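Grab a pencil and work through these exercises with the model open beside you. Try each task yourself before you read its solution.

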Amino acid sequence: MKKITKVYQALSDETRLRILNLLHDGELCVCHIMNILELGQSKISRHLTYLKNAELVHNRRKGLWVYYSLSKNKSHIPLLSCLKELRTSVKVLKSDNEKLLKKKEEASSLGMTIDAKCCGS
């Protein structure tokens, strides 16, 4: 019961929901999330740690950078899918997705990936 409570507590915060929404489109570096949500590194990292402790996200290191993606935990998939469905009806989630798409398009127009444009990887 403690595990499920931890998951629902993680989902009860707007910033964490916005982060999960962005991760539906694939792995992102902390700097991408900071840039799109317009929040500081310490706040984003704190929320990512909360999500990681609830097993909603997974992380990996590449040099100095930490990349996050949605957890592959099958018990979380229905909850995360529900959030993805809200993208079209929740203004802030839609706006965040549009910002991410714009950043990917900008990088692509320069012949780069979003990582190379932001993290220099």
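**Exercise 1.** Find the loop that holds His24, decide whether His24 is buried or exposed, and list what His24 touches.

*Solution.* Start with the place: His24 sits in the loop between α2 and β1. The cut-offs are under 20% for buried, over 50% for exposed, and partly exposed in between, with a 1.4 Å probe and protein chains only. Last, the neighbours: not counting residues up to four places away in sequence, His24 touches Leu70, Leu80, Ser81, Leu83, Lys84 and Arg87. Contact here means heavy atoms within 4.5 Å.

Before you go on, keep in mind that this is a predicted model, where local features need pLDDT of at least 70 and side-chain atom pairs count only at pLDDT 80 or more, while totals for chains, interfaces and linings use all residues. Residues are numbered from 1 along each chain as its sequence is written, and side-chain values use heavy atoms, with hydrogens and water left out.

**Exercise 2.** Describe the largest pocket: its space, its lining and the kinds of residue in that lining.

*Solution.* First, the idea: rolling a probe the size of a water molecule over the atoms shows where empty space is left. On a 1 Å grid over the protein atoms alone, a pocket is an open set of points where a 1.4 Å probe fits, with protein on both sides within 12 Å along at least five of seven lines; lining residues have an atom within 4 Å of a point. The largest pocket holds about 190 Å³ of space, a volume filled by probe spheres set on the grid points, which are joined across faces, edges and corners.

Now the lining. His24 turns up again, along with Leu23, Gly26, Glu27, Ser69, Leu70, Ser71, Lys72, Ile77, Leu80 and Ser81. Sort the lining and you get four nonpolar, five polar and two charged residues. For that sorting, Ala, Val, Leu, Ile, Met, Phe, Trp, Tyr, Cys and Pro are nonpolar, Asp, Glu, Lys and Arg are charged, and the others, Gly among them, are polar.

**Exercise 3.** Work out the strand order of the open sheet and how its strands pair.

*Solution.* A reminder: strands of a sheet pair through backbone hydrogen bonds, either parallel or antiparallel. Two strands count as paired if DSSP finds at least two bridges between them. The sheet has three strands in the order β1-β3-β2, with antiparallel pairing. Its edge strands are β1 (28-29) and β2, each pairing on one side only.

Take the pairs in turn. Two bridges join β1 to β3, and Leu28 has Tyr68 as its bridge partner in β3. Six bridges join β2 (residues 57-62) to β3 (residues 65-70), and His58 stands opposite Ser69. The hairpin of β2 and β3 has two residues between the strands, and Gly63 there takes a positive phi near 65 degrees.

**Exercise 4.** Which residues other than glycine have a positive phi, Glu38 and Glu55 among them, and where do these two lie?

*Solution.* Most residues other than glycine have a negative phi. Glu38, with a phi of about 55 degrees, is positive, and you'll find it in the loop between α3 and α4. Glu38 is exposed, because its relative accessibility is 62%. Glu55 also has a positive phi, near 65 degrees, and lies in the loop between α4 and β2. At 34% relative accessibility, Glu55 is partly exposed.

**Exercise 5.** Which members of the largest nonpolar core touch the most other members?

*Solution.* A nonpolar core is a set of buried Ala, Val, Leu, Ile, Met, Phe, Trp, Tyr and Cys residues joined through side-chain atoms within 4.5 Å. The largest one has 26 residues, and Ile19, Leu20, Leu23, Ile33 and Leu56 touch the most other members. Zoom in on Ile33: leaving aside neighbours within four places in sequence, Ile33 is in contact with Ile19, Leu22, Leu23, Leu28, Glu38, Ile44 and Leu48.

Methods:
Helix = DSSP H or I, 4+ residues; strand = E, 2+ residues; numbered from the N terminus.
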